[in-house]
2 protein chains.
Amino acid sequence: MGNYNVKEEVTDKYSLRGRVFHKIRENILNGTYEEHEELKEVTIGEELGVSRTPVREAFRQLELEGLIRIIPNKGAYVTGITEKDVKDIYMIRSLLEGLCAKWATEHITKEQLEEMEENVYLARFYAEKGHMEQLAQLDNRFHEIMYEACNSKMLEHQLKDFHEYVLRVRKKTLATARGNASNKEHEQIMLAIKAGDGERAQELAHMHMINAYENMVKNGLHEIYRKENLELEQENLKK
Amino acid sequence: MGNYNVKEEVTDKYSLRGRVFHKIRENILNGTYEEHEELKEVTIGEELGVSRTPVREAFRQLELEGLIRIIPNKGAYVTGITEKDVKDIYMIRSLLEGLCAKWATEHITKEQLEEMEENVYLARFYAEKGHMEQLAQLDNRFHEIMYEACNSKMLEHQLKDFHEYVLRVRKKTLATARGNASNKEHEQIMLAIKAGDGERAQELAHMHMINAYENMVKNGLHEIYRKENLELEQENLKK
DNA sequence: TCTCGTATCATTGTATACAATGATACGGGT
DNA sequence: ACCCGTATCATTGTATACAATGATACGAGA
């Protein structure tokens, strides 16, 4: 049975610095800290029970990851992802996930392939039951397996970044649940990898991303952003 | 839509934190700090005339960029780029530069196109004269123009990172000077963009990267790494 | 001589003190 | 009332002090 809660880099997790960084990061990704919110060093430090120093170091990293924006001498703000960012990321990802699938075909281990198969079948089960939360988690894990299987630290790192980055946006539209369709595409990709057909895996993974994006658009990506922009404008007007 | 602040790079460069970060980064990229060298916070701080705090913050960022590796409670080490990393980066870049060229075709401004044309013609001049240093600089600039022209902060950021990252390796093989051939490919890309043929620009930019990589291989990439590995082994034996 | 435990030291990790900066509120001049 | 300079405060930027950690050297015991 695959353990889907496996976390990366254990050593880092247990150092204080790592803990602070990951905690803030998590809070941004899961929406605890909202977009455009100002993050204050002391406040965050108190929340996590540390001084400003580790918080500042975490901020610097988060800035580089694009999760916050630091304006010198002023403050740190959770970045918003614009509608265009979302589109760009999906277009970039569509290419890289394709490449990743191709490389994974060449390098995947027996264990990884098994986890992939298991993932697909479990996901089908959850889809039937309508357990969307688990389904979403399996969806994420499927991609991670592929990232790990591609045998390229460089590509893996890039894709993990992008993946986590868009999780924030996906949350907004998740309710619309393309879960089942998505899983069927996963299955096709898995089968192509299993059959050793790299070209096909590449094409399928590519289209998987395109479809995911189109689905987001169809399910009101524009509207979500239009609403947000309105709220933002009103906030700015108040000032 | 575009809520990007143009100033960010500049202000960052002139703040102390930014200065420290960029200086260390530069020293890694230009080889002042060699691969696998241990960087000590106090030493670097003294070199730059600052305390450990800004240096540490810079270290955290550099780690995320993949330029150094930090082992907790132990030290920071300049990362080596393996032969495989080089290959992976070029494969990834070949896709993204293609995408970039396509987008640039759609969004390039008159000024940017003019600079591109100028770049190509100047490069031809320098190539004839054999001024390799200027030629290399123009080469870099050509790509930067394209990154800026693609109208995607996301893609621009990714490509600039990769580009700088491989500069370190390119230095090692630069003497072999593919300068002229490279410039001819630039010209073709520029013409495709000018003609508004995005598909062709994409394909040309894609091949441009593949060719650049193949050229590196042909000109002894393997040998360079074999030599380095030998040196490294000897060093390890001494310990 | 060799091994192993301990003392010592260099270095990183964290907290805090102080300086610089930017935002805000207040008050005098018009 | 309005403008504008200044005082004040909150917050970030930097330096330093102290704690924790890991590497090294040394010496006692076998």
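Of the contact residues of chain A, 91% recur in chain B, so the same surface serves both copies.

**Ground rules.** I kept in mind that this is a predicted model, where local features need pLDDT of at least 70, side-chain atom pairs count only at pLDDT 80 or more, and totals for chains, interfaces and linings use all residues. Residues are numbered from 1 along each chain as its sequence is written, with chains lettered from A and ligands numbered from 1 in the order in which they are written.

**The contact between chains.** I counted two residues as in contact if their C-beta atoms, placed from the backbone, lie within 7 Å. Chain A gives 23 residues and chain B gives 23 residues. On the side of chain A that touches chain B, α4 (52-65), α5 (83-107) and α8 (153-173) each give two or more residues; helices are DSSP runs (H or I, at least four residues), numbered from the N terminus. The largest share, nine residues, comes from α5(A).

**Domains of chain A.** I found domain 1 (10-78) and domain 2 (83-224) in the assignment, whose bounds come from an automatic or database source. Their centres, taken over C-alpha atoms, are 28 Å apart. Four residues of domain 1 and six residues of domain 2 make the contact between them.
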